[in-house]
Amino acid sequence: MTKLSVNINKLATLRNSRGGNVPNLIKSTQDIESFGGQGITIHPRPDERHIRYKDAHDLKEVVTTEYNIEGNPIPKFVDMVLAIKPTQVTLVPDAEDAITSNAGWDTVKHKDFLVDVIKAFKENGIRTSIFVDPDVKMVKGAAETGTDRIELYTESFAHEFSKGKEKESIQPFIDAAVMANELGLGINAGHDLSLDNIQFFKSHIPNLLEVSIGHALICESIYLGLENVVNMYLHRLK
């Protein structure tokens with residue numbers, strides 16, 4: 001079964017929009033895990049517009065499943081991850097002013113940088129993953145950095161799938177996954193995955209270990225309820 005890691009950034013955005021501590025991220029995290037969520041993902045950004053660095057430390061004391069911290073490995077982020085030692089760190093090359101992640105790493109161009117960062121994390125017992133586009137060349141480059149896993153950036157899949165182009169939407173991801181399997185890389189995926197497309201995606205990607213879902217899951221929960229939605233995803237990921 002593919003694991004579901006729930007990204008709680010949107011809950012932090014809602015909290016920050018009003019001040020105070022509603023919704024409470026600690027309680028929400030505990031609830032998500034009690035509903036069956038198999039991991040918690042956060043993506044703190046330098047301006048702390050949703051997840052704050054303090055949240056990252058506080059959640060370490062609460063998460064009982066897998067704790068995944070995503071972000072661009074600037075020095076402040078690296079120091080935080082090394083201090084917290086989450087289950088997994090996912091390296092994402094997003095600009096400081098990006099609304100959301102919008103591209104994977106060029107693992108060839110940035111190989112030396114990634115090698116050094118990944119080595120530091122792995123020496124501290126932290127599993128590493130690199131956010132990549134569904135490009136066989138980038139998957140091969142990722143394998144040369146020493147990373148444990150890749151996370152396939154699935155926005156293009158979701159966009160094409162929504163237009164009814166199922167075959168076109170999934171083929172690059174199948175090719176990337178096959179290559180990752182051949183190279184011994186674990187496969188995660190995330191970005192714009194939803195209840196509408198997750199079952200199709202999962203059924204076509206060999207050895208998909210984990211998906212990280214936040215925006216769609218929280219939006220769907222407004223209508224269907226958080227506990228119900230978490231279990232709907234778990235059912236689709238069997």
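Modeller: Let's start with a term: contact means heavy atoms within 4.5 Å. This is a predicted model, in which local features need pLDDT of at least 70, side-chain atom pairs count only at pLDDT 80 or more, and totals for chains, interfaces and linings use all residues. Residues are numbered from 1 along each chain as its sequence is written, and side-chain values use heavy atoms, with hydrogens and water left out.

Colleague: Thanks! Which residues of α6 are buried?

Modeller: Helices (H or I, at least four residues) and strands (E, at least two) are DSSP runs, numbered from the N terminus. Buried means under 20% relative accessible area, exposed over 50%, and partly exposed in between (1.4 Å probe, protein chains only). In α6, the buried residues are M138, V139, G141 and A142. They fall within an arc of 160 degrees seen down the axis of α6, so they line one face of the helix. The arc is that of the directions from the helix axis to the C-beta atoms.

Colleague: And what covers the buried residues of α6?

Modeller: Their cover includes β5 (127-132), β6 and α8 (166-183).

Colleague: How many salt bridges does a search of the whole structure find?

Modeller: A salt bridge is a side-chain nitrogen of Lys or Arg within 4 Å of a carboxyl oxygen of Asp or Glu. The search finds twelve. One of them pairs K54 with D58, with the closest N and O atoms 2.7 Å apart.

Colleague: Why might residues with those numbers face each other?

Modeller: An α-helix has 3.6 residues a turn, so residues three or four places apart point the same way. K54 and D58 sit four residues apart in helix α3 (residues 53-60), which puts about one helical turn between them. K54 is exposed at 56% relative accessible area, while D58 is partly exposed at 30%.

Colleague: Which parts of the chain does the E144 and K111 pair link?

Modeller: E144 and K111 form a salt bridge, their closest N and O atoms being 3.3 Å apart. This pair links distant parts of the chain, 33 residues apart: E144 lies in the loop between α6 (136-143) and β6 (149-153), and K111 in helix α5 (residues 111-123).

Colleague: Is E66 buried or exposed?

Modeller: E66, in strand β3 (residues 66-71), is buried, with a relative accessible area of 15%. A polar contact of 3.0 Å joins its side chain to that of R127. Such a contact is a pair of N or O atoms within 3.5 Å; within protein, one must be able to donate a hydrogen and the other to accept it, and residues adjacent in sequence count only if both atoms are side-chain atoms.
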